[in-house]
Amino acid sequence: MKPLRSLKVLDLTDGNPYIGSMFADYGAEVLKIETPGMGDSIRRRGASRDGEEGIYQAYYHRGKKSMTLNLCDARGQEILKRLLPAYDMLAVNCSEAKMAELGLSYEEVKAVNPKMVYGVLTPFGEEGPWKDLPDYDLLVMARTGLLEKTGMPEKPTKFGFPLGYLYSSWHLTAGMLAAYLKAQKTGVGQKVSTSTWHVMMELDDTFAECLLGMNTLPKRLGNGFPTTNPTDTFKCLDGWFSLSIGSDAQWIAFAKTAGREDWASDPRYAHDPARSMENYFGDLDGQLKEFFAGITIAEADRICREAMVPGGPCNTVRELVTDEQVADRKMLIHVEDRHLGDTLQLGKPAKFSYDDADVNEIASAPSLGENNAQILAELGISEQESEALKTDGVI
Amino acid sequence: MSELETKGVFDGLKVLDFTIALAGVYISWQFADLGAEVWKVERYGSGDQARAWDPFVNGLSTLYTAYNKNKKSIEMDLSSQAGKEVIYEMVKQADVVLENFKSGSIDRLGLGYDKLKEINPKIVFVSLSGFGGSGPLQKYPCYDAIAAARSGFAGSNGEPDGAPMKAGNANCDTLTGTYAFNAAVMGLIEAQRTGTGCRIDVGMTDVAMTACGETVMDYGQTGEVYTRFGNHDRFVAPYGIFEARDGWAVIIADTQKRFEALCDVLGLPELKTDEQFSDNAARIRNRDLLAEKIEAVTRGMFRREIEQKLLAADVPASEVLPFIEAYTSEHANVTNVTEMVWQEKIGNIRFYNNPLRFDDQICPIRRGAPLLGQDTDEILKSVGYSDEEIKKLYDDEVVASHLY
């Protein structure tokens, strides 16, 4: 039993699959509306040649349906309006003003379906001097402070995945689900909106320092963390290992288990402030680097487990595929894709007590426009009309 | 303290909140912002451990304050039978229970899902933990940095031959909170339809694995292991972070036209005809060389100058802003990122407005963060305790209101 099995979503997003995926993974019927010919731009990510599709869209669009519709054409807009009554939610990743140009503002949608939850994700919000800046995860992140704060002191580090889009998409989906919960009681939907920039700002705990009006704000600390010391990532004989000590007791347990009574008894390191930021890249950090450089990841892991302190190897997909914890949590699953066949994909992080054996059975990502015929038939549009729409590039 | 006005999409919803620190607290923060009444159950005498995290103003942790606005605090001893009885009364009225105790602790306390669902079958019970509620790592401690390491989150960032890199904030905590918040509302939707709640189990390491969505696909399709790609994109060049005279700038030239415009703006017209950079595939092959040539110019330019000149030529670009510049920007000001709110012990201070808007309206901030046990009496009364019963609970040191 999947918790969203009664939910129907019209997904008008492009280049950001995370909104639709949150719903689709938990059982909702998600119909992607894609541009005829091109389709969602994410289809081409990682493609080796122009005009082809990459492999990633098999993951990004799993469990969704696809219909092509040209929303710049009045007939396309008309068909979309006819779809509205059968759906609970509509999601876009552009401003409502842009949707209004297509005759699909919230007011216009609401007039057709008052229960509709209308979700809007923008990069910077729908007002303000930055509202028209280009929409790229990296560009938004550059303006939040988080990018500047991530990495070693000498330079910021880019994230290898669109962290800003993940956060803001999941914020939006939570808000949309909340509005849907309410609409089930009241019969009235809402417009729910957020921006990637606003979401990332709310998450920055540098804010707490700003409350104090501090003149010196946190610096880039690499893999350090200002309130739990030492926290850092060390190079062992065979790879990288992260340690994160959260208390004086944990520090002493770690030092003793590591066979370093000298650390445990050294009054300079007994209490956290002395292990903290000022010393971060200093003496103790240097000693730890030397210590870990002489042992294997397995040995480091054993010490941390025995001492019951937070520590663990820096895994990549190479380790994840054989990791017992990952297997137990079913975080890697097989999805049969129409074009690629068997694919290895990420599992679903939320485990519900009513999950059935089929919880990880997820339908293949759709081919572009795969559900056109079925949807048009449901709307009572004849085959002849459909052909004309196709010829005119409306579908 | 008088009954607080609750408005918003979760108006009328009640959340029984046992969470501490950050990841779990983040979920109740979202519930509270959106109008739910959040009863934060805090440990007798000391409260949420985040109350001890610096920096402090007038003895109050500003981190705690930022994470706990709009909530109510009841201080109690959960190990006492009388304390458990209070929880059972609260559960009758609650819609959601949130907890991030060490694995299994809440069951041993007699407050686990199996017990609470007997009292209220509609309850949606969310357990949050580092590794989730099963598996060989279940019992081990896990902080943000360790979830980042084990999940592949850190392994996805940084130079291929350098250290894996976690995020500059405790982002595995808050990303997990955001995900689990979705799951909690899904549970509520189902409970409203069927009358039956559920238990939801979310592990921080599982959520943080989302970082590996593409590299898992690579491995499954080709058997190849790709990990970190440095400060530049894997499939498009130039697309990344470049050094400026006074910091850093992001430059994205994701079409041929934009690449040529970039060359013109930077005064590097010869690159347009250089075979090493003739198309995107060539630029990817020679990405490091290209970055060198670009940085030779950008190092002499101010970050804002890079942004403005490139945007004017339709090349997506941005200076990399330190947080304080983002926070004090005109954009932050006109889009109501923060709001001045009264905070006990401190006075009027700025809090973030929730980034969600409902019908274009901000979710109102009703109050700052509660002092320890500030709402003990009010919550007890609202679940049916008389003044005499409340006095006895105080006398027996089951509940308190230390107001730290």
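Predicted model: local features only at pLDDT ≥ 70, side-chain atom pairs only at ≥ 80, totals over all residues.
P238(B) lies in the loop between helix 9 (213-222) and strand 9 (239-244) of chain B.

**Domains.** Domain 1 of chain A covers 8-202 + 330-391, and domain 2 covers 231-318. In chain B, domain 1 takes in 14-210 + 333-400 and domain 2 takes in 239-321.

| Chain | Domain 1 | Domain 2 | Distance between C-alpha centres |
|---|---|---|---|
| Chain A | 8-202 + 330-391 | 231-318 | 43 Å |
| Chain B | 14-210 + 333-400 | 239-321 | 45 Å |

**The interface.** Contacts between the chains involve 115 residues of chain A and 111 residues of chain B. On the chain A side, helix 8 (residues 163-186) gives the largest share, with 15 residues. That side of chain A is made up of 60 nonpolar, 36 polar and 19 charged residues.

Strand 4 (residues 89-92) and strand 5 (residues 117-122), both of chain A, run parallel and are joined over four bridges. Here V92(A) stands opposite V120(A). Across the chain boundary, strand 6 (residues 191-195) of chain A pairs with strand 14 (residues 357-358) of chain B. This pairing is antiparallel, over two bridges. V192(A) has F358(B) as its bridge partner there.

**The core.** The largest nonpolar core holds 233 residues. Which of its members touch the most others? They are M89(A), V96(B), V126(B) and A184(B). In soluble globular proteins, nonpolar side chains tend to be buried together. M89(A) also belongs to strand 4 of chain A, given its range of residues 89-92. Beyond its sequence neighbours within four places, M89(A) is in contact with L7(A), V9(A), L10(A), M116(A), V117(A), G119(A), M176(A) and Y180(A).

N113(A) sits in the loop between helix 5 (106-112) and strand 5 of chain A. Is N113(A) buried or partly exposed? N113(A) counts as partly exposed, because 18 C-beta neighbours lie inside 10 Å. Setting aside neighbours within four places in sequence, N113(A) is in contact with L84(A) and P85(A). V92(A) is 21 residues from N113(A) in sequence, and their C-alpha atoms are 17 Å apart.

**Positive phi in chain B.** Two residues other than glycine deserve a look. N58(B) has phi near 50°. N58(B) is in the loop between strand 3 (56-57) and strand 4 (60-61) of chain B. With 9 other C-beta atoms within 10 Å, N58(B) is exposed. D360(B) has a positive phi of about 65°. D360(B) is partly exposed, with 14 C-beta neighbours inside 10 Å.

How values were computed: Residues numbered from 1 in each chain as written. Chains lettered and ligands numbered in written order. Core = buried A, V, L, I, M, F, W, Y, C linked by C-beta atoms within 7 Å. Buried ≥ 20, exposed ≤ 12 C-beta atoms within 10 Å, placed from the backbone. Contact = placed C-beta atoms within 7 Å. Domains from an automatic or database assignment. Pairing = 2+ DSSP bridges. Nonpolar A, V, L, I, M, F, W, Y, C, P; charged D, E, K, R; others polar.
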